[in-house]
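Here are my notes on the model, point by point. Please read them with the coordinates open.

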Amino acid sequence: MSAPVPRRLIIGVGNAGVTVLDHLAVGNPSMQGLMVVNNDSESLAASVVTDRISVPEGDLGEGFVAIDREFGGAVEGAATVVLCGGLGGETGSFLLPALAILAKSAGITVAACVGMPFSFEGRGKKEAATAALEKLYTVCDAVAVIENDRLSGGTPSTAAVGEAFALSDRTLLASLLTIHRMLSTSGPVKITRSDLKHVLGVPGAITLFGSGSAEGSNRLHEALERALRSPLLNAPAKTTPGSALAGASPVLLLLEGPPDLSFAEVQAAVGEIERIGGERCQIKTGVHADRPSGSPITISVVASSGGERPSDKPVAPRVAAAEVRSERQSAPLHLHEEP
């Protein structure tokens with residue numbers, strides 16, 4: 001008898017997705033429900049994630065047909081699926097929307113955490129990533145978009161290229177963990193799936209995200225400051241930490257820590273976000289106080305700005321594998337996205 005499917009799955013797609021899931025697995029060795037999907041056999045063979053689906057190399061449409069049934073069986077019975085990967089390369093840009101469709105067609109709540117390419121990667125990757133992102137918004141309940149150019153403040157950086165990609169991976173991993181934990185909140189103070197969809201289900205919106213951890217006597221203020229100093233929470237030409245939150249509403253605030261995480265600390269965090277966000281700012285708070293005693297606390301902030309909120313639209317129905325294949329991007333692209 002096969003083992004039951006975990007209720008919550010995190011799936012890394014393409015080389016970037018495999019890289020992020022490897023970091024997640026190493027940092028959280030007891031975490032269940034991790035899976036990687038790729039058409040790069042070397043990447044899969046080197047991954048520390050043991051639950052893998054290998055897409056046959058060659059034509060991605062035909063490869064998708066080959067794993068259609070296998071992927072459907074792998075996610076059957078799950079309550080949530082969070083997909084992770086980079087857009088712009090052919091693998092992620094094609095497989096992320098296609099797999100989202102298959103998961104959503106099974107009645108599963110589907111979220112995606114995706115990275116957008118750096119400007120220096122070229123116009124072709126940017127256009128492919130934008131097209132894939134539009135497809136994800138038509139299917140997923142929530143989409144967190146990590147725009148790599150914003151990680152450097154929107155200006156050319158002297159940082160090494162390798163460090164730029166490493167920062168992208170770390171930020172994508174942090175957002176992935178935050179979305180996963182928000183979806184799995186079971187305590188009395190929680191962020192609901194509809195809250196997450198309301199904030200991250202807006203096509204064209206800019207994702208505002210930051211996360212920070214700290215311990216010790218001043219842990220709340222240090223963790224919050226680290227979260228607010230994230231480049232994705234700061235408006236251009238502004239020096240105040242979290243300045244991009246001004247006018248954003250609602251804001252999702254997740255606090256995680258040991259059992260001694262106090263009401264006063266939660267209230268202090270809410271008060272600071274309200275001060276930065278302004279008088280119209282509405283905050284949806286989630287609290288997880290189930291970490292071992294002595295653990296640091298982590299504060300994560302998620303919001304969005306801009307975009308056009310569509311009226312409630314029906315979820316895209318299951319698309320036949322042949323139909324998904326016909327939607328492949330016609331522009332020539334690199335086969336694999338960079339990690």
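1. Buried means under 20% relative accessible area and exposed over 50%, with partly exposed in between (1.4 Å probe, protein chains only). By that criterion both Phe-64 and Phe-94 are buried. The model is predicted: local features need pLDDT of at least 70, side-chain atom pairs count only at pLDDT 80 or more, and totals for chains, interfaces and linings use all residues. Residues are numbered from 1 along each chain as its sequence is written, and side-chain values use heavy atoms, with hydrogens and water left out.

2. The structure holds four aromatic pairs. Rings of Phe, Tyr and Trp (its six-membered ring) pair if their centres lie within 6.5 Å; planes under 30 degrees apart count as stacked, over 60 as edge-to-face and the rest as tilted. Phe-64 and Phe-94 are edge-to-face, because their ring centres are 6.1 Å apart and their planes stand at 80°. Phe-64 belongs to helix H3 and Phe-94 to helix H4, so this pair ties together parts that are 30 residues apart in sequence. Helices (H or I, at least four residues) and strands (E, at least two) are DSSP runs, numbered from the N terminus.

3. A further edge-to-face pair is formed by Phe-120 and Phe-165, at 6.1 Å centre to centre and 85° between the planes. Phe-120 sits in the loop between E5 and H5, and Phe-165 in helix H7 (residues 161–183), 45 residues apart. Is Phe-120 buried or exposed? Its relative accessibility is 53%, so Phe-120 counts as exposed. Phe-165, at 15%, counts as buried. Phe-118, Phe-120 and Phe-165 form one aromatic cluster.

4. A nonpolar core is a set of buried Ala, Val, Leu, Ile, Met, Phe, Trp, Tyr and Cys residues joined through side-chain atoms within 4.5 Å. The largest has 39 residues, of which Ile-11, Leu-83, Leu-87, Val-114 and Leu-136 touch the most other members. The elements that each supply at least two residues of this core include strand E1 (8–13), helix H3 (60–75), strand E4 (80–86) and helix H5 (123–139). H4 gives the most, with nine residues. Another core, of 34 residues, lies apart from this one; among its members are Ile-10, Val-36, Ile-146 and Leu-151.

5. Which strands make up the open sheet of four, and in what order? The order is E7-E10-E8-E9, with mixed pairing. Two strands pair if DSSP finds at least two bridges between them. Strand E7 (206–214) and strand E9 (283–288) are at the edges with a single partner strand each, so one side of each has no neighbour in the sheet. From one strand to the next the twist averages 10°. Strand E8 (residues 251–256) pairs with E9 in the parallel sense over six bridges, and Leu-252 has Lys-284 in E9 as its bridge partner.

6. Axes are lines fitted to C-alpha atoms, for helices over the stretch in contact (heavy atoms within 4.5 Å), and angles run from 0 to 180 degrees between N-to-C directions. Helix H8 (residues 193–200) lies across E7, E8, E9 and strand E10 (297–305), at about 50° to E10. Helix H9 (residues 219–228) lies across E7, E8 and E10, at about 150° to E7.

7. The axes of H7 and H8 come within 9 Å and cross at roughly 140°. Angles under 35 degrees count as roughly parallel, over 145 as roughly antiparallel, 65 to 115 as roughly perpendicular and the rest as oblique; H7 and H8 are therefore oblique to each other. Ile-179, Met-182 and Leu-183 of H7 make the contact with Arg-193, Leu-196 and Leu-200 of H8.
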